[in-house]
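Please prepare a careful briefing on the structure shown here, grouped by topic and with the cut-off behind each term stated.

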Amino acid sequence: MKMSIKFEFQKENLVRLCIAMILAAVLYGKARYALWVLPVFGALYFLVKSLAVETGQRAAAAVTAVALPVSAVFTAYLVQYLLLDAELRAKITREKMWLNIVCCLVVFLVAQVFVNNTGLTCMTAHLFLMTLAGINYFVYLFRANEFIFSDLKSIQTGLSVAGNYEFTLDVRAAYVLLCMTLYIALVRKLCICFSHRIPMTAVCLSLAVLGAVYVGERSRNVVTETWEQKGSYRNGYILNFVLSVRDCFVSAPEGYTADAVKALEERFGGGEVETGAAAGADDAEKNPTIIVVMSESYADLGVVGDFSTNTDLTPFYDSLTENTMKGYALSSVFGAKTPNSEWEFMTGNSMAFLPGGSVVYQQYMTKEPVSVVSHLKNLGYTCVAMHPYYETGWSRNTVYPRLGFDESYFIEDFDETKLLREYVTDREFYEKIIDRFERKRPNEPMFVMGISMQNHGGYTERYDNFDEQVRMVGINYPDVNQYLSLVHESDAALAYLISYFEQVDEPVEIVFFGDHQPSLSSSFYPYLNGKGLSGLTLDELENLYTVPFFIWTNYESDESEVEIASLNYLSVMALERADLPLTGYHRFLSKMREAVPAINSRGYYSKSAGRFLHTEDAAGEEAQWISDYEILQYNNMFDRKGKSEVFFPYID
């Protein structure tokens with residue numbers, strides 16, 4: 001086994017060194033890293049370029065066997081270094097880091113099969129993985145969440161707006177580029193090719209398959225994280241990206257056939273839905289303006305546990321009873337991932353049947369997503385979306401047109417001087433809704449889907465423009481006090497909104513609900529429920545996913561209290577209360593709610609058992625409803641050729 005390493009001076013290396021130093025100097029100008037790094041980099045680069053490595057055939061396999069795993073380790077840690085600061089890097093567990101290394105090794109092994117050159121394999125695989133990390137680096141700067149596999153579907157849109165963003169590099173990014181330069185210069189010295197490819201190919205493929213199976217088994221219950229940098233510090237970025245590939249493949253549920261869908265069509269598809277102007281403009285009394293407010297992090301923490309405050313927290317919300325259906329609903333998310341709540345409300349679908357951690361707007365949106373938006377457009381409604389934040393957040397700028405919204409308003413359309421902390425106030429948000437209502441044509445039916453931002457986390461900073469009026473009695477949690485004060489402000493803004501529409505002559509229906517509970521100090525939850533966030537029964541866990549809602553009209557309607565519902569039912573409940581036609585899917589959901597009153601990503605409420613159960617533990621009639629629901633949702637979202645037009649008619 002022969003291998004030699006020699007140092008050979010070549011004039012060409014001086015030219016290469018000059019080029020490398022110019023690039024390093026440019027990076028220094030951009031990132032202002034430590035000045036001593038420049039000469040150290042230059043010395044190392046010249047040393048590496050001057051190396052001459054000769055490897056005999058007998059040593060080739062051993063060198064390759066060392067180079068590939070070492071490169072995988074180096075790449076995995078370099079990815080983490082690029083994306084996270086030291087505090088966040090420390091959060092990843094050893095097991096997750098090991099899985100990231102194995103993922104990287106699989107890429108190196110597969111590359112070796114095709115390239116058959118150890119040095120070129122290392123360079124190719126390393127550049128591929130670092131490119132993914134680099135894309136995520138910039139995507140996070142632009143939209144504050146992870147770049148995952150499904151984002152490749154919108155790469156064209158991303159490139160079209162890339163010129164609107166400023167690409168900046170921090171010190172860590174500069175160090176990574178310098179390390180990559182040295183690494184590539186080194187592995188290019190390993191010009192090792194195998195004359196007998198079959199044995200090496202067989203070994204690499206076998207190891208790659210074993211590695212992939214190992215990662216799949218060990219990460220079976222690990223969810224993809226996409227919000228902020230959680231994917232990078234909870235899972236490790238490479239593993240998180242691999243999990244996002246897994247999540248793109250949702251298999252058909254048990255019992256899914258065209259005949260099963262046809263049978264459901266025969267049960268629930270009867271009756272024609274009147275569409276177009278004839279349904280909308282001729283009788284405005286039957287087509288109220290519908291305003292939906294999904295209030296950011298609006299929740300009643302009293303459902304988790306008892307506590308007292310120095311003043312009434314939500315006096316207006318508590319007093320609202322006339323012409324009001326009111327109660328609690330299950331969200332499928334806690335602390336984040338607002339668009340999933342938005343999606344459940346608008347489509348009637350449920351996160352119960354999708355991979356944990358997934359975000360529908362970024363992973364599963366089809367070109368023609370059927371929703372309450374498309375349905376109301378078919379009834380002659382003008383459909384308006386409002387969100388006082390950036391349009392690229394959760395890809396809403398591409399999702400909203402697909403859903404069928406005629407108009408979309410984002411942060412630049414609001415008065416950005418009216419802020420509470422760093423976000424547009426609920427009062428300004430409601431004033432924008434009122435302004436758009438006042439500009440609508442006479443007898444024009446209008447639907448507004450509004451998503452607020454005022455109460456967005458976190459809650460630990462202090463702000464000169466926010467006077468916190470609410471405090472817990474008997475104990476002090478600063479972040480909780482700030483959150484409760486924000487909810488108190490929301491209540492005052494809500495009073496303003498309802499007071500305005502009470503005076504409006506034409507019929508108006510307002511649907512209000514929280515998207516999820518806030519993420520607060522972990523030490524607060526043991527005080528609240530006696531346990532914290534772990535070791536909970538399913539009933540106790542579902543308390544963390546419970547949010548308040550109401551459906552109010554400015555005309556006479558029944559008062560009712562709803563003990564428990566879920567967000568996927570609210571749009572159907574709103575259509576029924578407004579006396580509007582229903583699609584076959586709406587009729588199905590309306591009947592299902594009688595048997596299964598609430599369902600979310602964690603489970604469902606069993607009327608027969610009188611408690612929450614996991615969906616897989618359902619039996620009898622409840623199991624049949626849940627099975628039929630999953631069949632219809634799969635048909636809606638994933639069966640492109642066999643989608644039921646009876647249940648899921650798109651925009652006419």
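## Helix α5 and the basis of the model

Helix α5 (residues 94–115) has 22 residues, which at 1.5 Å a residue should span 32 Å, and its end C-alpha atoms are 31 Å apart, which agrees. The expected span used here is 1.5 Å times one less than the number of residues in the helix, while helices (H or I, at least four residues) and strands (E, at least two) are DSSP runs, numbered from the N terminus. Helix α5 is followed by Asn-116, whose phi is positive, near 55°.

This is a predicted model, in which local features need pLDDT of at least 70 and side-chain atom pairs count only at pLDDT 80 or more, whereas totals for chains, interfaces and linings use all residues. Residues are numbered from 1 along each chain as its sequence is written, and side-chain values use heavy atoms, with hydrogens and water left out.

**Helix α25 and Glu-622**

- Helix α25 (residues 620–637) has 18 residues and reaches 26 Å from its first C-alpha to its last, close to the 26 Å expected at 1.5 Å a residue.
- Among the buried residues of α25 are Trp-625, Ile-626, Tyr-629, Leu-632 and Met-637, where buried means under 20% relative accessible area, exposed means over 50%, and partly exposed lies in between (1.4 Å probe, protein chains only).
- The buried residues of α25 pack against α12 (258–268), α15 (338–347), α16 (360–363), α23 (567–577), α24 (584–595) and β13 (604–606), with contact taken as heavy atoms within 4.5 Å.
- Glu-622, which is placed in helix α25, counts as buried at 7% relative accessibility.
- With neighbours within four places in sequence left aside, Glu-622 is in contact with Ala-595, Val-596, Tyr-604, Ser-606, Lys-607 and Ser-608; the C-alpha atoms of Glu-622 and Ser-608 are separated by 8.6 Å, and the two residues are 14 residues apart along the chain.

- His-126 lies in helix α6 (residues 118–143) and is buried, with a relative accessible area of 0%.
- Leaving aside neighbours within four places in sequence, the contacts of His-126 are Phe-74, Thr-75, Leu-78, Phe-108, Met-180 and Tyr-183.
- Ala-20, in helix α1, is also buried, with a relative accessible area of 7%, and touches Phe-41 and Tyr-45 when residues up to four places away in sequence are not counted.
- Ala-20 and Arg-58 are 38 residues apart in sequence, and their C-alpha atoms are 34 Å apart in space.

**Nonpolar core and surface patch**

- The largest nonpolar core has 75 residues, of which Leu-376, Phe-405, Phe-447, Phe-549 and Phe-588 touch the most other members; such a core is a set of buried Ala, Val, Leu, Ile, Met, Phe, Trp, Tyr and Cys residues joined through side-chain atoms within 4.5 Å.
- Phe-405 touches Met-346, Val-373, Cys-383, Val-384, Ala-385, Tyr-400, Phe-447 and Met-449, not counting residues up to four places away in sequence.
- On the surface, Phe-7, Phe-9, Leu-14, Trp-36, Val-40, Leu-44 and Leu-47 form a nonpolar patch with about 720 Å² of accessible area together, as given by the Shrake-Rupley method with a 1.4 Å probe, for which only the protein chains shown count as cover for residues.
- Patches are made of residues with over 30% relative accessible area and no salt bridge, with like charges joined within 9 Å and nonpolar side chains (Val, Leu, Ile, Met, Phe, Trp, Tyr) within 5 Å.
- Helix α2 (residues 37–49) supplies the largest share of the nonpolar patch, three residues, while Phe-9 sits in the loop between β1 (3–7) and α1 (11–31) and is exposed, with a relative accessible area of 54%.

**Salt bridges**

- A search of the whole structure finds 17 salt bridges, each being a side-chain nitrogen of Lys or Arg within 4 Å of a carboxyl oxygen of Asp or Glu.
- Arg-396 forms a salt bridge with Glu-342, the closest N and O atoms being 2.9 Å apart. Arg-396 lies in helix α18 (residues 396–403) and Glu-342 in helix α15, so the pair ties together parts that are 54 residues apart in sequence. Both Arg-396 and Glu-342 are buried.
- Arg-439 and Asp-435 meet through their side chains in a salt bridge (3.1 Å, N to O); Arg-439 is partly exposed at a relative accessible area of 45%, and Asp-435 counts as partly exposed at 31%.
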